Amino acid sequence: MSTISTQSFTANGITYNPPPKPVVVICMDGSADEYYNAAIARDRMPNLKKMSVQGYRGSVRGALPSFTNVNNTSIVTGVPPSVHGICGNFFYDETKDEEVMMNSSSYLRAETLLAAAARAGRRLAVVTAKEKLRDILSCKMKGIAISAEKASQATAATHGIDHAEVVVGHKTPPIYSADASLFVLRAGVAFLQKGLADFLYLSLTDYMQHTYAPEAEESLAFYEAIDTELGHLLATGAIIGATPDHGMNAKIKEDGTPNVLFVEAILEQQFGSGFRVICPITDPYVKHHGALGSYVVVHINDKNKIPEVQKWLSRQPGITEVYDRQTAATLLEQPADRIGDLVVLSGKDVVVGRRPQYHDLSALDGTLRSHGGRYEEMVSMILSHPLNQAYAVKAARDPRNFNIFDFVVNGTVAQ
Ligand code: ZN
Ligand code: ZN
């Protein structure tokens, strides 16, 4: 293996002083603490337990809305959505009267620390489960960037690697499967073992967590398989950090049916027409959540009505927070030009939607588990190595999940 660059680099005001060891950060999509705890309690995650004991495990606060692309973008930039600009899969451009999909790096307003690390001589590999994230995560980055979903299509010219399936030793998995996430970890293991990369970002997908509760055998088996790959990663001597993009909660009524508040419909009933609700969780992968999460934004034609609507909405059962644009921009760290007149968050067991016809509940695999709001904001950060003194102090304050590269690179004591 060629030598590992220790040249420091800076991205978005944060300077990284990388150790002469491989660095791996894993985004454990949708891994609420309950999943780890259920698996550890049943001795299904010995390697994660070992990391927690020998390294570090603590709580960190994610970015809002607690969605996948928002937090993945925060993790690779080290900054909140107010700075990097990605605040969901969709936003509504009022001046153009267009609902715009934000999955392209052209909407990114900050550079990634991955691109900066590559410029400093680190050999990068980004592996994501879903193809939709690849463009943002690998923006202007030299190195390997593949998705599990489209692994078979990778070429050296476009993805930094030929014959990815052969290198990884596994076929391209179906996207709605445990294997979609396991492929990502297996790719990381293969790249490290074969000396193809020394600075890795591995981003899983949360189909399993949307579908199964923490104590379900399907979940336990999934986390056990994740743990096996963690063992392989640890064996390479890499410094490893793992944090979820968000947690996951059941969003159901007592009878088990989805607990949905259709915000556009109830607003029209109360105030008449003139409302547009955007569900920024909406994406082409609807099977696992029906485009329902605990966060929506509301555009109101008559701007004079904003205070009255805010007051009324904030009193509806199931709704926990309603902010006007400027307050949301500050308090929730949002880019003011890509949110609505109001931002609405719902309770732990409640999702907010637009109107019934926008959400295909029949596509769900049995139950509704989702995220997006405040109750999926707090997640874990688990590191393979102990924290140095300065970062132990930071960890005791208000650390964010998107500080994880900073913690792994600058904050650990490598042995
Ligand atoms: Zn996610
Ligand atoms: Zn999800």
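How much space lies in the largest cavity of this structure? The largest cavity holds about 90 Å³ of space. The structure is a predicted model, and the values below were computed from it. The domain assignment divides the protein into domain 1 (11-88 + 103-248 + 378-410) and domain 2 (260-370). The largest cavity lies between these two domains, because both of them give residues to its lining.

**The cavities**

- A search of the whole structure finds four cavities of 30 Å³ or more.
- The largest cavity is lined by 15 residues, and the closest to its centre are Thr-68, Lys-130, Lys-132, Asp-283 and His-289.
- Sorted by class, the lining of the largest cavity consists of eight polar, five charged and two nonpolar residues.

- A distance of 29 Å separates the C-alpha centres of domain 1 and domain 2.
- Domain 1 contributes 30 residues to the contact, and domain 2 contributes 20 residues.

**The buried area**

- The size of an interface is often given as the accessible area lost when the parts come together.
- Between them, domain 1 and domain 2 bury about 2,300 Å², and 55% of this area is on carbon and sulfur atoms.
- Of the area that domain 1 buries against domain 2, Phe-67, Tyr-176 and His-210 supply 28%, which is more than any other three residues supply.

**Polar and charged links across the interface**

- Two salt bridges are found across the interface of domain 1 and domain 2.
- Arg-109 and Asp-337 form a salt bridge in which the closest N and O atoms are 2.6 Å apart.
- Ten residue pairs are in polar contact across the interface of domain 1 and domain 2, with both residues of each pair at pLDDT 80 or more.

Terms used. Residues numbered from 1 in each chain as written. Chains lettered and ligands numbered in written order. Predicted model: local features only at pLDDT ≥ 70, side-chain atom pairs only at ≥ 80, totals over all residues. Heavy atoms only, no water. 1 Å grid on protein atoms, 1.4 Å probe; cavity = no way out; pocket = protein on both sides within 12 Å on 5 of 7 lines; lining within 4 Å. Points joined across faces, edges and corners; volume = space filled by probe spheres on them. Nonpolar A, V, L, I, M, F, W, Y, C, P; charged D, E, K, R; others polar. Domains from an automatic or database assignment. Contact = heavy atoms within 4.5 Å. Buried area = accessible area lost by both parts, 1.4 Å probe. Salt bridge = Lys/Arg side-chain N within 4 Å of Asp/Glu carboxyl O. Polar contact = N/O pair within 3.5 Å; in protein donor to acceptor, adjacent residues only side chain to side chain.
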